[in-house]
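Please examine the sequence and the structure shown here before reading the report.

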Amino acid sequence: MNILIASAELDPYAKRGGLADIAASLPIEWKKYGQNPIVIMPKYGFIDTHYHGFKPTYLVLYVPVGHWVEFAHLWYGTLPNSDVPVYLVENADYFNRWGIYGDPNEYLDNDRRFIFFSRAVMEAAKALGFKPDIIHSHDFHTAFTLAFLKSQYRFDYHFSRTAGVYTIHNLAYQGWFNPERAMEYSGFGMKEFYPGSWFERYGSVNAMKTGLMFADKITTVSPNYAREIRYPYYSEGLQDILNLRAGDLIGILNGANYKEWNPETDKHIYKNYTSASLEDKEINKRKFIEEYFETSENLDMPLIGMTTRLAEQKGIDLIINKIEYFLSNDEFRFVLLGSGERHYEDFFNYLAWKYPGKVSVNLGYNQVMSYKILAACDFFFLPSRFEPCGLTQMYAMKYGTIPIVRHTGGLADTVEEYNWNSGKGVGLVFFQYNADDFAFAIRRALSMYKQEPHWDIVRKNAMKKDFSASRSALEYLKVFKWALEKVL
Ligand code: ADP
Ligand code: GLC
């Protein structure tokens with residue numbers, strides 16, 4: 001199958017969250033199954049093309065934008081350690097900037113940037129002579145690709161047997177666009193914009209809805225999130241659309257790329273370890289505390305970590321509510337790596353100031369540190385209010401770091417509470433979005449810590465868990481076949 005992935009993020013070139021990891025790991029797996037995937041993404045200004053080995057193709061794309069035509073160049077490279085082709089769409093006006101979506105605030109022309117990109121994807125496929133069986137777009141940024149596929153390119157021979165699959169990574173970001181602008185740039189015109197049209201939601205253009213309506217099949221990143229979003233609490237206002245398309249909506253659990261996230265081989269951590277050498281995990285903990293907490297006292301205290309976007313979704317409010325109680329009683333150390341909303345950053349700065357030696361706050365994006373945190377910590381916080389899938393709990397488990405999670409989305413599909421009687425389970429789970437329930441889960445974690453044999457068993461259970469990307473990739477291939485049945 002020729003599979004064209006259109007994504008705004010792709011690891012290791014441009015990453016804000018899990019979308020980048022998934023857009024990179026799926027095509028590598030598909031290739032192993034004999035498929036023929038390519039990935040197309042924007043050429044952002046911060047991508048070091050020389051370092052990553054990208055070369056210009058000298059192809060020029062003519063990209064219709066409204067009633068005029070704009071231009072783009074295509075660059076070519078391959079995903080690291082693979083021969084999966086990656087094409088970067090170059091248009092300096094739109095993408096030669098320091099941010100993916102903003103820097104630090106959202107760019108005001110994101111409607112135009114992503115509509116342009118979505119159209120450029122179609123033109124790139126033609127210019128490359130790549131006839132996709134599947135166009136796989138991800139989240140609202142590339143949703144318009146599917147609208148183009150089903151309208152402007154509907155009778156184009158090049159796409160005559162192409163099905164469109166849309167993957168929802170996060171319904172919280174929908175791409176609300178001004179109709180006059182978006183309908184013009186996309187070339188549909190205001191005649192296609194009326195109450196209830198496939199673009200319209202509450203008087204605005206909603207790119208997420210557009211993707212949902214035009215897709216042949218829709219997937220989302222965990223079976224549980226696929227169920228949850230049929231109800232108002234999780235649907236971010238789109239439950240009617242999701243229910244309308246319910247027959248075509250399938251949850252596929254994300255997979256983890258264990259080539260990259262593996263304590264046995266990880267080159268970034270202080271010392272490699274396996275479930276048979278957990279004493280070496282302690283070395284990671286000690287060195288990490290010495291480096292980032294600048295102390296070598298009380299090394300036995302539990303260390304809890306979190307690597308996250310600082311957004312409301314992630315349950316930061318529960319942490320704010322309870323963490324000082326534990327810290328002031330010297331119950332654990334806490335390390336945060338994250339960036340995002342300013343008020344959360346302010347709180348964590350305050351926390352680091354108030355509890356020196358007990359709290360390490362690292363604001364910003366730091367891939368190397370994210371590996372070190374996984375290796376060093378005893379526990380990992382994920383008290384999310386909602387979580388379409390979540391990758392860090394999967395990574396944490398592989399590193400023998402016990403997740404403390406709320407039972408929601410993909411967290412519920414991947415983490416079950418450790419049972420002291422049966423010795424089964426891998427983490428701590430609480431159900432209501434409520435700070436007391438969260439605190440009680442922490443309490444259970446702290447009492448499990450170093451209580452043998454439980455501490456040993458739970459960590460070994462966690463390290464045995466296998467959420468491989470190849471299983472996930474196979475499930476997508478099945479969905480692609482179903483999608484093709486709709487167009488053949
Ligand atoms: P989301 O996509 O909602 O942010 P995921 O758990 O799916 O959540 O993916 C988050 C990814 O981003 C993980 O690979 C995580 O390690 C990474 N990440 C998040 N924040 C940072 C940061 N500040 N520095 C480095 N990596 C980060
Ligand atoms: C989104 C979700 C996250 C998911 C990721 C990759 O950003 O917030 O839960 O793991 O996409 O699918």
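## Basis of the model

This is a predicted model, in which local features need pLDDT of at least 70 and side-chain atom pairs count only at pLDDT 80 or more, while totals for chains, interfaces and linings use all residues. Residues are numbered from 1 along each chain as its sequence is written, chains are lettered from A and ligands numbered from 1 in the order in which they are written, and side-chain values use heavy atoms, with hydrogens and water left out.

## Domain arrangement

The protein is divided into domain 1, made up of 2–255 + 470–485, and domain 2, covering 279–466; these bounds come from an automatic or database domain assignment. Taken over C-alpha atoms, the centres of domain 1 and domain 2 are 33 Å apart.

## The interface between the domains

Contact (heavy atoms within 4.5 Å) involves 23 residues of domain 1 and 19 residues of domain 2. About 1600 Å² is buried between domain 1 and domain 2, and carbon and sulfur atoms give 51% of this area. Buried area here is the accessible area (1.4 Å probe) that two parts lose on being put together, summed over both.

Polar contacts, by comparison, link 11 residue pairs between domain 1 and domain 2, both residues at pLDDT 80 or more. A polar contact is a pair of N or O atoms within 3.5 Å; within protein, one must be able to donate a hydrogen and the other to accept it, and residues adjacent in sequence count only if both atoms are side-chain atoms.

On the side of domain 1 that touches domain 2, the elements giving two or more residues are α1 (18–32), α7 (223–228) and α8 (232–235). Helices (H or I, at least four residues) and strands (E, at least two) are DSSP runs, numbered from the N terminus. The largest share of this side, 5 residues, comes from α7.

## Two individual residues

D21 is placed in helix α1 and is buried, with a relative accessible area of 10%; buried means under 20%, exposed over 50%, and partly exposed in between (1.4 Å probe, protein chains only). The side chain of D21 makes polar contacts with those of K15, at 2.8 Å, and Y395, at 2.7 Å.

E297 lies in the loop between α10 (279–293) and β13 (303–310). E297 counts as exposed because its relative accessibility is 58%. E297 and G357 are 60 residues apart in sequence and 8.6 Å apart in space, C-alpha to C-alpha.
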